Amino acid sequence: MLWTERELRRQIVKACTALQQRGLVAATDGNVSARLGPDRVLITPSGVSKGEVTELNIILCDMDGRKVRGRSEISSEVHVHLAAYRSREDVG
């Protein structure tokens, strides 16, 4: 299934809210990401509680971890997510 950027942003916010509500993340721990295409990834920003993530502060980056669009700081954890996407083409 192909998702639009807007739909993926909504799903990331939904996942972040669920993680926060279930107490699975503390403070600003961890990140949630989704592959937007073969060379683009959406990822939650650094320093933002998962319960406070909005569609607008999710960052778009390339497969080298460079920010393409977004106002927030990109997390150093982006490279862990990118490694998973590089090693598994089927993971989105």
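## Thr 44, between two strands

Thr 44 is buried in this predicted model, because its relative accessible area of 0% falls under the 20% that marks the limit for that class. The residue sits in a loop, namely the one between strand S2, which covers residues 40–43, and strand S3.

When neighbours within four places in sequence are set aside, the residues in contact with Thr 44 are Ile 12, Cys 16, Gly 30, Asn 31, Val 32, Lys 50 and Val 53.

## The overall fold

Along the principal axes, the C-alpha trace spans about 30 × 25 × 25 Å.

Of the 92 residues, 39% count as buried, and the accessible surface of the protein comes to about 5700 Å², with 51% of that area belonging to carbon and sulfur atoms. Among the contacts with a separation of 6 or more, 43% are accounted for by residues 24 or more positions apart.

## Strand S3: Cys 61 and Asp 62

Strand S3 runs over residues 59–62 and includes Cys 61, a residue that counts as buried because its relative accessibility is 0%. Apart from neighbours within four places in sequence, Cys 61 is in contact with Asp 39, Arg 40, Val 41, Arg 66, Lys 67, Val 68, Ile 74 and Val 78. Between the C-alpha atoms of Cys 61 and Glu 77, which are 16 residues apart along the chain, the separation is 12 Å.

Asp 62 is also found in strand S3, and with a relative accessible area of 10% this residue is buried. A polar atom of the Asp 62 side chain lies 2.9 Å from the backbone nitrogen of Arg 66. If residues up to four places away in sequence are not counted, Asp 62 touches Asp 39, Arg 40, Val 68 and Leu 82; Asp 39, Arg 40 and Val 68 are also among the residues in contact with Cys 61.

Leu 8 is found in helix H1, which covers residues 5–21, and at 9% relative accessibility Leu 8 counts as buried. Leaving aside neighbours within four places in sequence, Leu 8 is in contact with Trp 3, Ala 34, Arg 35, Leu 36 and Leu 42. Leu 8 can also be placed relative to Cys 61: the two residues are 53 residues apart in sequence, while the distance from C-alpha to C-alpha is 14 Å.

Ala 27 has its place in the loop between helix H1 and strand S1, the latter covering residues 33–37. Ala 27 is exposed, because its relative accessible area of 56% is over the 50% that this class requires. The backbone of Ala 27 has a positive phi of about 50°, although the residue is not a glycine.

Definitions and conventions
Residues numbered from 1 in each chain as written. Predicted model: local features only at pLDDT ≥ 70, side-chain atom pairs only at ≥ 80, totals over all residues. Heavy atoms only, no water. Buried < 20%, exposed > 50% of the residue type's maximum accessible area, 1.4 Å probe, protein only. Contact = heavy atoms within 4.5 Å. Areas by Shrake-Rupley, 256 points an atom, 1.4 Å probe, with all protein chains shown as cover. Helix = DSSP H or I, 4+ residues; strand = E, 2+ residues; numbered from the N terminus. Polar contact = N/O pair within 3.5 Å; in protein donor to acceptor, adjacent residues only side chain to side chain.
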